[in-house]
Amino acid sequence: MNRWSADSSTRLHIEEAKEMVLDRVLQLEFLVPPGIKNNNQGNIYISKSSPSSIIDAYLKQFTSYFTGFLKCPSEELVKGGRMVLTLLGRTSEDPTSEEGCSFWDTLALALKDMVLEGIIEEQKLISFNITQHTTSVEEVSMVIQCEGSFKIDQIEVFQVNWDSSEDESSEVDSYKAVKCIRAVSESLLMSHFGIGEEIIDRLFHRYMTIVDNMPKEKPKYTNIVISLTKV
């Protein structure tokens with residue numbers, strides 16, 4: 001293969017990859033619960049200042065999507081077949097608790113700083129919402145019971161440090177913590193706000209600064225692990 005054709009092939013694969021990422025981002029935008037856009041008081045997820053309608057919309061969509069998800073393996077598994085799921089969740093029944101919201105509240109603070117400096121548009125922040133629901137044990141159990149295809153054998157809850165370390169000291173590695181959030185949200189942020197790599201770098205530098213100034217108790221993610229049996 002000559003150099004021209006090799007370069008052309010490489011460019012083609014890059015363009016295809018960009019299209020795939022854009023399609024995925026557009027799908028994520030579509031997954032934002034109805035009625036949330038422009039109504040979430042400048043928050044990007046459920047927060048203490050979110051109206052009750054926002055909290056209800058997130059729960060309603062989670063219930064609908066998780067119900068649909070359970071129907072798929074229920075058609076493939078034989079009676080008595082087992083499935084184990086791990087979900088990002090919370091231990092509190094309060095959907096505005098810090099364990100479910102603080103990492104997105106922190107990102108919202110960094111975005112608001114950039115709005116104040118005129119780096120990103122305020123209206124784009126107002127219309128931006130994360131497409132994920134941090135569920136509770138009670139919520140996920142209720143959906144499983146109502147859907148009816150599985151019985152719950154066991155539910156366990158465990159926590160992981162924001163920086164993924166096993167170190168139980170109070171000091172959080174903000175660089176590692178920010179890398180995790182950036183991996184999840186970068187493509188969605190770049191698409192929605194129309195920003196490039198340089199602005200993204202500045203955004204997550206601000207995020208890191210906020211994390212460095214947080215209370216010294218190391219923040220954690222909560223994971224819910226569920227063992228299910230097909231009935």
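**Exercise 1. Packing of α2 and α5**

Task: In this predicted model, which orientation class do α2 and α5 fall into, and which residues of the two helices meet?

Solution: 

Step 1. Take the geometry of the pair. The angle between α2 and α5 is about 50 degrees, and their axes are 10 Å apart.

Step 2. Assign the class. Angles under 35 degrees count as roughly parallel, and 65 to 115 as roughly perpendicular.

Step 3. The crossing of α2 past α5 is right-handed.

Step 4. List the contact. From α2 come Leu59, Phe62, Thr63, Phe66, Thr67, Leu70 and Lys71; from α5 come Glu139, Val140, Val143, Ile144 and Glu147. By class, these residues of the α2 and α5 contact are 7 nonpolar, 2 polar and 3 charged.

**Exercise 2. The surroundings of α5**

Task: Which residues of α5 are buried, what covers them, and what follows the helix?

Solution: 

Step 1. Helix α5 spans residues 137–147, and its buried residues are Glu139, Val140, Ser141, Val143, Ile144 and Glu147.

Step 2. The cover over these buried residues includes helix α2 (52–76) and the strands β1 (82–90), β2 (135–136), β3 (150–161) and β4 (220–230).

Step 3. After α5 comes glycine 148, which has a positive phi near 90 degrees.

**Exercise 3. Two partners of α3**

Task: How does α3 cross α6, how does α3 cross α7, and what is each contact made of?

Solution: 

Step 1. Start with α6. Helix α3 (residues 98–116) packs against helix α6 (residues 174–193) at about 40 degrees, with axes 13 Å apart. That angle makes α3 and α6 oblique to each other, and their crossing is right-handed.

Step 2. Name the residues in this contact. Helix α3 supplies Phe103, Trp104, Leu107 and Leu111, while α6 supplies Ile181, Val184, Ser185, Leu189 and Phe193. The α3 and α6 contact comprises 8 nonpolar residues, 1 polar residue and no charged residues.

Step 3. Turn to α7. The axes of α3 and helix α7 (residues 197–212) come within 9 Å of each other and cross at roughly 125 degrees. This pair is therefore oblique too: α3 and α7 are oblique to each other. The crossing of α3 past α7 is right-handed.

Step 4. Name the residues here. On the α3 side they are Phe103, Thr106, Leu107, Leu109, Ala110, Leu111, Asp113 and Met114; on the α7 side they are Ile199, Arg202, Leu203, Phe204, Arg206, Tyr207, Ile210 and Val211. The α3 and α7 contact holds 12 nonpolar, 1 polar and 3 charged residues.

**Exercise 4. Tyrosine 221**

Task: Is tyrosine 221 buried or exposed, and which residues does it touch?

Solution: 

Step 1. Tyrosine 221 lies in strand β4.

Step 2. The relative accessible area of tyrosine 221 is 10%. Buried means under 20%, so tyrosine 221 is buried.

Step 3. Leaving out residues up to four places away in sequence, tyrosine 221 touches Leu88, Phe103, Phe158, Gln159, Val160, Asn161, Trp162, Cys180 and Ile181.

Step 4. Compare sequence and space for one of these. Tyrosine 221 and leucine 88 are 133 residues apart along the chain, yet their C-alpha atoms are separated by 7.3 Å.

**Exercise 5. The whole chain**

Task: How many helices and strands are there, and what pattern do they follow?

Solution: 

Step 1. The protein has 7 helices and 4 strands.

Step 2. Along the sequence their pattern is α-α-β-α-α-β-α-β-α-α-β.

Step 3. Of 231 residues, 43% count as buried. Among contacts between residues at least 6 apart in sequence, 79% join residues at least 24 apart.

Note on methods: Residues are numbered from 1 along each chain as its sequence is written. This is a predicted model: local features need pLDDT of at least 70, side-chain atom pairs count only at pLDDT 80 or more; totals for chains, interfaces and linings use all residues. Side-chain values use heavy atoms; hydrogens and water are left out. Buried means under 20% relative accessible area, exposed over 50%, partly exposed in between (1.4 Å probe, protein chains only). Contact means heavy atoms within 4.5 Å. Axes are lines fitted to C-alpha atoms, for helices over the stretch in contact, and angles run from 0 to 180 degrees between N-to-C directions. Angles under 35 degrees count as roughly parallel, over 145 as roughly antiparallel, 65 to 115 as roughly perpendicular and the rest as oblique. A crossing is left-handed if the near helix is turned anticlockwise from the far one by less than a right angle, and right-handed if clockwise. Ala, Val, Leu, Ile, Met, Phe, Trp, Tyr, Cys and Pro count as nonpolar, Asp, Glu, Lys and Arg as charged, and the others, Gly among them, as polar.
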